[in-house]
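Me: Please take a close look at one part of this model. I would like a connected account of it.

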Amino acid sequence: MSHLQFTNVGKLFSGDNWAVKNFNLTVNNAEFVSFLGPSGCGKTTTLRMIAGLEENTHGVIKFDNDIVSDPENKKYLPPEKRHVGMMFQSYAVWPHMNVFDNVAYPLKFQKLDKATIKKEVSQVLKIVELDGLEERKPNELSGGQQQRVALARGLVMKPRILLLDEPLSNLDAKLREKMRRDIREIQLRLKLTLVYVTHDQKEAFQMSDKVVVMNKGQIEQIGTPAEIQNSPSTQFVREFVEIGSH
Ligand SMILES: Nc1ncnc2c1ncn2[C@@H]1O[C@H](COP(=O)(O)OP(=O)(O)O)[C@@H](O)[C@H]1O
Ligand SMILES: [Mg+2]
């Protein structure tokens with residue numbers, strides 16, 4: 001069964017400023033899908049529409065059999081009811097909270113009891129290898145560890161879908177490489193449905209089951225990393241992949 005489905009989804013900001021247009025995509029359960037394309041091609045807007053932070057102006061978005069957004073029929077499920085986990089590059093951890101409180105934050109809205117929160121946070125901190133650092137403040141952590149706190153916060157409420165928007169761009173090359181492998185390993189182990197945004201071809205090809213190449217708000221090609229690399233279907237994809245390999 002498809003887990004996330006876009007049917008003719010569009011986002012028209014104003015006039016003829018289409019950030020995303022005619023977007024059709026199916027993401028399967030436990031699949032790692034990357035949105036790949038240059039800056040301004042509509043990756044973040046599409047991710048925000050999945051989360052419900054941005055309303056699509058056209059088309060239908062479904063999670064399993066549930067319509068989460070369908071403007072034509074005035075259907076719109078707010079973000080807090082979508083049960084989606086997020087980690088954004090600019091969406092850093094809260095400096096005044098320690099690691100435990102940062103990660104526990106999404107659970108506090110669910111009115112869980114303290115013991116359950118403690119258990120869930122401990123589990124997820126083990127997954128991202130931050131156990132033992134519960135009391136640390138973000139300024140006592142490395143850049144990579146701070147990204148892991150943000151990742152743990154996205155994972156802690158066992159999201160239906162995890163969304164990552166260029167989460168590694170602030171890290172140095174060596175750490176980025178390790179985090180790519182770790183994120184992929186966690187995604188496989190937890191069988192997460194994950195949508196990953198990047199402008200980095202290498203990153204998309206290394207991590208994903210499926211890559212969606214985007215250009216000017218539209219999909220150029222959908223395929224496995226091998227399909228995209230070996231048989232680019234448009235001039236744009238060919239050039240984009242080519243540039244990335246240098
Ligand atoms: N709030 C907004 N109002 C108007 N235009 C926007 C808004 N957000 C994004 N856009 C436009 O939509 C397009 C896609 O942006 P974005 O989704 O951020 O691209 P990407 O993440 O691929 O860099 C860009 O042309 C951008 O200027
Ligand atoms: Mg973006």
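Reply: Start with Arg 180. Arg 180 sits in helix α5, residues 173–190. Helices here are DSSP runs of H or I with at least four residues, numbered from the N terminus. This is a predicted model; local features need pLDDT of at least 70, side-chain atom pairs count only at pLDDT 80 or more, and totals for chains, interfaces and linings use all residues. Residues are numbered from 1 along each chain as its sequence is written, and chains are lettered from A and ligands numbered from 1 in the order in which they are written.

Arg 180 is buried, because 20 other C-beta atoms lie within 10 Å. The cut-off for buried is 20 or more other C-beta atoms within 10 Å of the residue's own, with C-beta atoms placed from the backbone. Leaving aside neighbours within four places in sequence, Arg 180 contacts Leu 168, Glu 203, Gln 206 and Met 207. Contact means C-beta atoms, placed from the backbone, within 7 Å. Ala 204 is 24 residues away from Arg 180 along the chain, and their C-alpha atoms are 9.7 Å apart.

Now the ligand. The shell around ligand 1 includes Phe 13, Asn 17, Lys 43, Thr 44 and Thr 45. A residue is counted if its C-beta atom, placed from the backbone, lies within 6 Å of the molecule. Helix α1, residues 43–51, gives the most to this shell, with three residues.

Helix α1 itself is largely enclosed by the rest of the structure, because seven of its nine residues are buried. Among them are Lys 43, Thr 44 and Arg 48. Gly 52 follows α1 and has a positive phi, near 90 degrees.

Note on methods. Helix = DSSP H or I, 4+ residues; strand = E, 2+ residues; numbered from the N terminus. Buried ≥ 20, exposed ≤ 12 C-beta atoms within 10 Å, placed from the backbone. Contact = placed C-beta atoms within 7 Å.
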